[in-house]
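Open the model in your viewer and show the side chains.

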Amino acid sequence: MTELVTFGETMLRLSPPSGDRLETATALEFRTAGAESNVAIAAARLGASSVWLSKLPESPLGRRVTNEVRQHGVEPRIEWDDGARQGAYYIEHGSTPRPTMIIYDRADAAITTARPTDQYREAIQQASVFYTSGITPALSETLDETTRELLATAQGAGTTTVFDLNYRSKLWPPAEARKTYESLFERIDILVAAERDVDIVLDRQGPAEELAESLAADFSFETVIITRGADGALAVHEGSTYEQPAFKTDTVDAIGTGDAFAGGYLARYVAGDTVSEALSYAAATAALKRTIEGDLAVVTPKEVEGVLDSEGRGISR
């Protein structure tokens, strides 16, 4: 049985060297990036057997994506589309006072037409955990429907479902996102949400513990995890609260930190760790990711354990 299956988009990430502007750059660094593949890669590098489901163009660009995902120990199971587009995004790193700039080029990418297939359903039915994020249903009406059907497949098979809000304002307004998210919640076992997304999209304010408790009560989640950036993370599970401070880190590239957190958590969840142990592992994985250029958490279990041993673990009550 596969421990973790994820479903979603992966793009090409193109960026000029630090300090260069996109409009004057003569060279672009070429990487891959996507929330669901990022999570699968982090979990795989930390010992979980991981499969990533998606749809890609049958082209050198599509194969570039699968090659990198496979390189990190994840098995891609892909629906190929001859002649479709490969989504991409451009990132120009800023430094004070110039902000980082991201330009997306993902319209009509192959993933936007992905429908549930026997290959997808079989992978999910044979998995311990199925993960997707709020980015996926935002990409097209087709993907909204597909996300619902795949979550229903997981639920019917007894596969634990994990959903990260991952709100992106460039994809849809908060009210539309909220309507979609809340319509999916009945099929979700574990919710992961940035505190800012709970505020902006779900229109809930207050201390993180109260937010997690109210979400768990209102939607019958098994676990609610609230991430709070520099303030760490908090989880509510079966009436108990677990707090985890953020670990000290020098930030080279913050993009992908949340995905690294989710991947670290799920790697230990499928291994049978407690919520508190998995939360600490997630925070350490996220801290390491911030020291690495690109979206991917190219880390090892030994490195994560080193962070935990040097800085300690969270508290539960």
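**A tour of the aromatic rings**

Start by selecting Tyr 104, which counts as partly exposed at 30% relative accessibility. The model is a predicted one, so keep that in mind at each stop, because a ring pair here is defined by centres within 6.5 Å.

Eight aromatic pairs are counted in the model, and one of them joins Tyr 89 and Tyr 104 in a tilted arrangement, with 5.7 Å from centre to centre and 45° between the planes. Tyr 89 belongs to strand β6 (residues 88-92) and Tyr 104 to strand β7 (residues 101-105), so the pair ties together parts that are 15 residues apart in sequence. Is Tyr 89 buried or exposed? Tyr 89 is buried, at a relative accessible area of 3%.

Now select Phe 185 and Phe 221. Their ring centres are 5.1 Å apart and their planes stand at 75°, so this pair is edge-to-face. Phe 185 is in the loop between α6 (174-184) and β10 (190-194), while Phe 221 is in the loop between α8 (208-219) and β11 (223-227); the pair links distant parts of the chain, 36 residues apart. Phe 185 and Phe 221 are both buried.

Move on to Phe 163, Trp 172 and Tyr 181, which ring pairs link into a cluster.

For the last stop, select Phe 30 and Arg 64. Arg 64 lies over the face of Phe 30, 4.8 Å from the ring centre.

Methods. Residues are numbered from 1 along each chain as its sequence is written. This is a predicted model: local features need pLDDT of at least 70, side-chain atom pairs count only at pLDDT 80 or more; totals for chains, interfaces and linings use all residues. Side-chain values use heavy atoms; hydrogens and water are left out. Rings of Phe, Tyr and Trp (its six-membered ring) pair if their centres lie within 6.5 Å; planes under 30 degrees apart count as stacked, over 60 as edge-to-face and the rest as tilted. Helices (H or I, at least four residues) and strands (E, at least two) are DSSP runs, numbered from the N terminus. Buried means under 20% relative accessible area, exposed over 50%, partly exposed in between (1.4 Å probe, protein chains only). A charge sits over a ring if NZ of Lys or CZ of Arg is within 6 Å of the ring centre and within 35 degrees of the ring normal.
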